[in-house]
Amino acid sequence: MRVTGAMQNIQLLKNLRYNNSAIMDLQDKLATGQKIQRPDDDPVGIGYLMRYNTELSRSDQFLENARTGIGWLNTMDAAMQQANDVLKRAKQLTQQGSTGTVPEEARKQIASEIRQLYEQMVSIGNSTYDGRYIFNGQKTDTAPYTNATAANDKTDPGSYYLNVSPFVTVPVSITGEVIFGKAGDTENVFNVLNDIANHLDSNDQSALLQDLSRIDACSDRISVSWAEVGARTNRFELVVNRLTDEQGNLKNLRSQVNDVDMAQAITDLQLRQNVLQASLATGAQIMRVSLVDFLK
Amino acid sequence: MPSSFLGLETTKRALLTQTLAMQTAGHNIANASTVGYTRQRVNLSATRPQEAVGMQRSTTVGQIGTGVQADSITRIRENYLDTQYRRENQGLGYWKIRNANLDSIQAILNEPSDDGIRGVVDDFWNSWEVLNRDPTLLSARVDVIAKATNMVDTFKQVDESLTALERDIDSSIATKVSAVNTMLANIAQLNDYIRRAESLGANANDYRDQRDVLLDQLSSIVNIEYAETPAGDFTLSIAGTQVVANDQAATVTADIAANATSGELAGYVQAKADIAQIRDELNALVKTLVGGAVTVTLANGYTTSQPLTANNDVTLDDGTVIPAGTIIPAGSKIVSSVELTVKGINGLHSLGYGTSDPTPTGIAFFTTSDGSTDFNMSNIRLNPVIANDTSKIAASGRYETTSVGTNITIKGNGDIAHAITSLRDKVFNYPSNLTNLSSGTLDDYFRAVISELGTRSSNSSRNLQNQQDLVDNVEVQRQSVSGVSLDEEMADVIKFQHAYNAAARNMTVIDEMLDRVINQMGIVGR
């Protein structure tokens, strides 16, 4: 083959172009630590990469949802603990009041304590989490109970839902009427406390004895909801654990798709640089030799 | 018998011819790095030999050689390689432009990054998740507005960048076409020079080189076809239209680009098609997000503000059961789970109620800036009513009517916000002619768009690489045939120099011979 100067030139330039672009590619990868800089670096991989990124950013939200749920449920749990304590005390006092040996004067005192307990129960019913009333369904901006009309106050039946994964929605709130009893019902906790206070005032011992069983009914109902709150808390805690694990997995997967194998990349870069050096050196050597040098 | 002075003539011819050969070698060396230069050779041949004159066949030996002559100076060039070079060069021009354009599109879409469309769409959905967590939270509402505005702005910015890219392409086409016109005029001019020179029997080597360079350059811009008859008639067509005939050149307009099948002009046309495709794909995404038909379930029930039909049997708060497909009157309080078919985020948001009193209803979340009903990246914007008033975000699905007849939204209800977060996982249908994904979630669709763009781009850069290699290979072959090798020229120079020196010496010998005959013969005894 006839070889001319221009051919050597073209060949050298082509080799340099090829080596330099490969080196630039590797530099880019090493500097960012990422395999996929643009969609054409890996048209399939970028689909995965984008999905992992999206899922990670979503799972942050789900995690936040679960934490909000846990916070809300913990507040409910505390409120129900208090409600339970109030009922225990109310039962004690009612038992005391129902005994015949207690003088009328003392019953009046007990009645006033029961009224205190009633007010405490109302304030438990008006508990808030983060400024939102937790026992009023979706009307979280209005207090469900007032001292004057608590026994007949209707709470909103809606409930509060949170997403914990794309297709899983967990209900969080339990409305007041489910826990404290239906408005106006005989076993409505406010109604019961009200009646006990009135019966103590009116010295009605037999009614007080019946009231004891009504308190038990209230307690039972609260316990049922309380257990439900516990179950939901567990569920959210499981979700938090699952999401944390999942985030780890997603990060792992993302790094498999997108992270540069540093050792490999550095070796490749070194190799490329050697090749570049060789092609530069040969180019310079070959192009320096000419017949002209040997003619006198 | 030849003349006594024949030897002088013979050596004179040698001296003149070797000088010419050396002159041409010098010309080659001078143009060793000239683009498109073809090495030239002086074609030598022996001059006509002399026969001895006589009535019969002469008895003298013969024929007698009379020296050397230069027949012609020709280019050493392979037309076949030119054809090949120009064909591959057209492809190179095409892929160069297309690849550069796809790179620009990728840069505009800016994936993978948190600032691209994926990032802002993620943020948008997440903001609804926050709002659902606490529908009464003002900062969550502000965030929804901010994230929606961000998303819409990103769409708009992508659209504007694509438009700017299209404008750049149009102006590049105009520039290329004007370069084409200049080249065509130059080719016509060179045709004239070549014909004039060659009609007198010479070879217009250097003019031909210049014309070949112009054809090479033209072939990178547009597909060309050319022909030259043995009589020297030259015609050239670009993009299927004849534009040069001998010394006449036509002026072409940018319209020629539409007919180009290869070369940079065809690359620009394809680049515009690539942009149009990505825009159509993203517009389809916007359209689907805003108004794609989807079925949502409101598990908590819903209070209607206008008559509508559900996909399932629903129970109202008074116990009435309304079967699927039957009209549910306005103001009904549905307490059972209700499944509705709505048109995208706008349809869903219109069902919801804002927090201001009295309850605002039927507000579209997105509107178009030009009043059209056809949403796309450039005209989508957040409904200004919502942008100006956070209470107009309709997160709630229930309202109550007070004793005085005013409708008051239940503000803690986030059912609609909750349903909007679920849109993200809903399967929508997309135009099947755009991507290979005709149904899937919005995220799936966008990923398909990006993957498909990546495939196109990696394909085009591979083609560009291949085409560059092909052109380089042909160019190397061409250089192998036509390029100047300095070593070779130097060797030739020495060859010619030796021939010249020898001829000169020969002339001296003949001179001495004649001197002997003329001055020193017949003087015996003088």
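Biologist: What makes domains 1, 2 and 3 of chain B the units of this description?

Modeller: The domain assignment of chain B gives domain 1 as 6-77 + 486-520, domain 2 as 79-131 + 162-275 + 450-477, and domain 3 as 132-161 + 276-449. These bounds come from an automatic or database domain assignment. The model is predicted: local features need pLDDT of at least 70, side-chain atom pairs count only at pLDDT 80 or more, and totals for chains, interfaces and linings use all residues. Residues are numbered from 1 along each chain as its sequence is written, while chains are lettered from A and ligands numbered from 1 in the order in which they are written.

Biologist: How far apart are the C-alpha centres of domain 1 of chain B and domain 2 of chain B, and how many residues does the contact take from each?

Modeller: The C-alpha centres of domain 1 of chain B and domain 2 of chain B lie 48 Å apart. The contact takes ten residues from domain 1 of chain B and eight residues from domain 2 of chain B; two residues are in contact if their C-beta atoms, placed from the backbone, lie within 7 Å. Strand S2 (residues 68-75) of chain B gives the most to the domain 1 side, with four residues.

Biologist: Which helix gives the most to the side of chain B that touches chain A?

Modeller: H11(B) does, with 15 residues. The contact takes 43 residues from chain B and 45 residues from chain A. Helices H3 (117-133), H10 (415-423), H11 (442-482) and H12 (486-520) of chain B each supply at least two residues of the chain B side. Helices (H or I, at least four residues) and strands (E, at least two) are DSSP runs, numbered from the N terminus.

Biologist: How do you know that strand S7 (residues 293-298) of chain B and S14(B) pair?

Modeller: Two strands pair if DSSP finds at least two bridges between them. S7(B) and S14(B) have six bridges, in the antiparallel sense, so they meet that definition. In S14(B), B:Val338 is the bridge partner of B:Leu298.
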